There are 2 protein chains.
Amino acid sequence: MTLYESYARDLAEAIAAGLFRPGDRLPSIREACRQRGVSPATVFKAYYLLEADGLIRAAPRSGYYVNPRPADRRLPEPKPSRPRAPGISVDTQDLIYDIHASLKQRSGVPLGSPFIDPTLFPLERLRQSLVAAMRRLDPWRTVEDLPPGNRTLKRQVLKRYLVHGTKLDESEIVLTHGALPALHLCLAAVTKPGDAVVIESPTFYVALQALQRRGLKAIEVATDCREGIDLGRLAQVLEKRRPAACWLMTNFQNPLGSLMPDRKKRDLVALLTRHDVPLIEDDVYGELYRGDTAPRSAKSFDRRGLVMHCASFSKTLAPGYRVGWTAAGRFAEQVERLKLMTLLTGAIPTQAAVAAYLQDGGYDPHLRRLRRSLADQQAAVVGAVQRHFPEGTRVSLPQGGYFIWLEFEKQVDAVDLFWAATAQGVSIAPGPMFSARDEFRHCIRLNTGQVWSRKVEDAIVRIGRLVARQMPRSSPSPH
Amino acid sequence: MTLYESYARDLAEAIAAGLFRPGDRLPSIREACRQRGVSPATVFKAYYLLEADGLIRAAPRSGYYVNPRPADRRLPEPKPSRPRAPGISVDTQDLIYDIHASLKQRSGVPLGSPFIDPTLFPLERLRQSLVAAMRRLDPWRTVEDLPPGNRTLKRQVLKRYLVHGTKLDESEIVLTHGALPALHLCLAAVTKPGDAVVIESPTFYVALQALQRRGLKAIEVATDCREGIDLGRLAQVLEKRRPAACWLMTNFQNPLGSLMPDRKKRDLVALLTRHDVPLIEDDVYGELYRGDTAPRSAKSFDRRGLVMHCASFSKTLAPGYRVGWTAAGRFAEQVERLKLMTLLTGAIPTQAAVAAYLQDGGYDPHLRRLRRSLADQQAAVVGAVQRHFPEGTRVSLPQGGYFIWLEFEKQVDAVDLFWAATAQGVSIAPGPMFSARDEFRHCIRLNTGQVWSRKVEDAIVRIGRLVARQMPRSSPSPH
């Protein structure tokens, strides 16, 4: 038996013994070399063998993951969306607000929440940074930094881009009060009322609301829960409809969890560049990848200043601090001007606090811990869904972020499900929230960002039962 | 000689000796009673005598002020505006941004600035409140208060309304990231693109920009530098044009400094109620009155939830903290929803800091000091303008806030003046910034919020000379 065969056999045994569980990431090539004292080639060959056996799978730029066992894998992935009409006015329902209000019940299990478990944020450490920053901060800065905002933070943000291999100019960064205003400002910079904008299907409800508020038409394009928007269909839309902009989430899309592979991002940017259509890239989950390597942003492929990359610290560090930004390419000046007229600037003290936290070097270790927690929690939630949801359920298996997308048979009504679950103290995010035309009524988004506990498992069991009640066994499974 | 005659004579002598200077406020009736040991009736009679002699004047609900001496009073007030067309699309010029950028030069004299002198803010004290608040704050609040924001702050804001005699329900208050987003959200709550909105003429440039961004038409209504918008003309507009909303500054309007008398506010609300047209009341300067009695808000007369009252702590306490709100009447829920989709919430730590500062009782003493400083500074600036600006200049004499409005003869070009002043290290705010149709080219706004110094006086002398150069003595004076 060769070195790599023996390594592969040991790993297979470890998987069988449950030491590595479905969804777990295997050690990186480098880690494995160090642990086992073998060459990278040996590790590669061992992993290749396991992959060929169906025990593990490679996720591009992310690592190797343990596959669900055959018994676990019975639930397939959701099908790609097929939006119907080529462009419509947006009229979001009150439903979004009713649901959002109900998600704030502290007592329940917030599987419909847009945020991770607050215990996963380094809130105490951040508070110390704020106090320290305020001690150091020249009080005049709280007056004189209006706008453009705290310059130390700007430089720290630029540094993070550099770490990810993207060199930007300081003038491109517009600091905002979280990513939400950045997205709105970018949309305002490149559209006028009546224009059409490409969005994913399903899409983050804030995009729908932003389009509605500005009087824009939505062109929903088919989106797959693995690799994101369908570039072929996007190309057709660009030819025929001349949209004013695209608004996409390239990394761990909300709600699907899809990750556009880096080469696809490159193609996307090339396609948009040919048509000179700006991209609003909502990338608030990009730091929450699995494995060792961060996915790139579409922005990193942009040579024409056509991509407005929007991100924040709200999903990873502290939502309540409201610190975000956009790297807005050639639209940066216009975005900064719009900001001046609508927001003036972000809150200087919290910007200074985040800048201090970043300077002190706490962010990367925190992110590493957070990524591990989220990977474990997702594996646990997906495992529970596999065990407790009825045949006919489909579930996405994202490579990052903290949402999974579930698709049921057509007779399931996700809004009914939402109210029934709420009555049992569990929230979910029903599919129609994510559609301009009340689609995805048989889909839900679940938050996998809550720390795993018996309470969370019980909540999943309850939702599974509620789904089963709406989806009787007699109905034929679609696969 | 009676008691009141003797008191009047003493005051007249004090004025003649320069102990009270033009623009100074005389002691309030109460203060005078205490100081002099006389009855209110005696003080009233003494003030009445002085008023009859033209030495002082009464400002409604504000107190008694020393009149300019005959030699000083040579410059009259600006004429009320007479906007031409009944409603136009807004297309603000790049000028606004160029000018705003240039106002940030720390080295120059910022007479064009929208802010007061930073030394007038209690920045150090506020920083202590922030540090103390962060020590006390449950870190979870930075997650769980999204939205609606910090509840202690909400209650403190409600308390301030109560102090001013206005009882509101907590559900009416929407906390925002400064007053700017509040104004935008209110506008979005009650208009749709294509609607017409009533604004003052001249008006704050942010209103112009907000209308432009939302695709609204502006109906400019004649506005007087003493008492604000012309209600007769407004009534005509309401009859004929059915605007979707009015956006007005009732207290110390920017740029005119006009103060709508309280009875006029009552009439305004009655008029708008008859037509069921919502009022967006921008009241960020209301706390900066002269004298003892705060002017009321239009909101305080509102019984139908038709007034959306927007205010902040940015003009009085700390611009960089970005803490503001709207009391949005029957539109509050809609505004809160729009906020959820665009801002989520204000920064929780700075909200907590301001709440702690208010709780500690520091705000009212600070406001009293600030009002006195602003009154003194305005008297000094107006005096210098009277001395150093040429015949043909008109200047407003506001009863609060920190702007004065200057009108020159038609041949003066305020934009040329702006660039010439900038070259000399002095900024001014040229009139066309405040117009949807490039009007007020012969007007400027001066900031009287800078601490009085030789440097400020020199700056006013320079501007006066630049104006004189454009307005040769040979030209006939219009009055």
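Modeller: Chain B can be laid on chain A by a turn of 180° and a shift of 0.1 Å along the axis, with an RMSD of 0.2 Å. This is a predicted model: local features need pLDDT of at least 70, side-chain atom pairs count only at pLDDT 80 or more, and totals for chains, interfaces and linings use all residues. Residues are numbered from 1 along each chain as its sequence is written, chains are lettered from A and ligands numbered from 1 in the order in which they are written, and side-chain values use heavy atoms, with hydrogens and water left out.

Colleague: How do you know which surface serves both copies?

Modeller: Contact means heavy atoms within 4.5 Å. By that test, 100% of the contact residues of chain B recur in chain A, so the same surface serves both.

Colleague: Why is strand β11 (residues 307-312) of chain A called largely enclosed?

Modeller: Buried means under 20% relative accessible area, exposed over 50%, partly exposed in between (1.4 Å probe, protein chains only). Six of its six residues are buried, so the rest of the structure largely encloses β11(A). Val307(A), His309(A) and Ala311(A) point one way, and Met308(A), Cys310(A) and Ser312(A) the other. In a regular strand the side chains alternate between the two faces of the sheet.

Colleague: How do you know which strands pair with β11(A)?

Modeller: Strands are DSSP runs of E, at least two residues; helices are runs of H or I, at least four; both are numbered from the N terminus. Two strands pair if DSSP finds at least two bridges between them. Strand β10 (residues 279-282) of chain A has four bridges to β11(A), in the parallel sense. Strand β12 (residues 324-327) of chain A also has four, running antiparallel. Cys310(A) is the bridge partner of Asp282(A), and Thr326(A) is that of Cys310(A).

Colleague: What makes the buried residues of α2(B) line one face?

Modeller: In helix α2 (residues 29-36) of chain B, the buried residues are Ile29(B), Ala32(B) and Cys33(B). Seen down the axis, they fall within an arc of 105°, so they line one face. The arc is that of the directions from the helix axis to the C-beta atoms. Arg30(B), Arg34(B) and Gln35(B) are exposed on the face turned away.

Notes. Least-squares fit on C-alpha atoms with pLDDT ≥ 70 in both.
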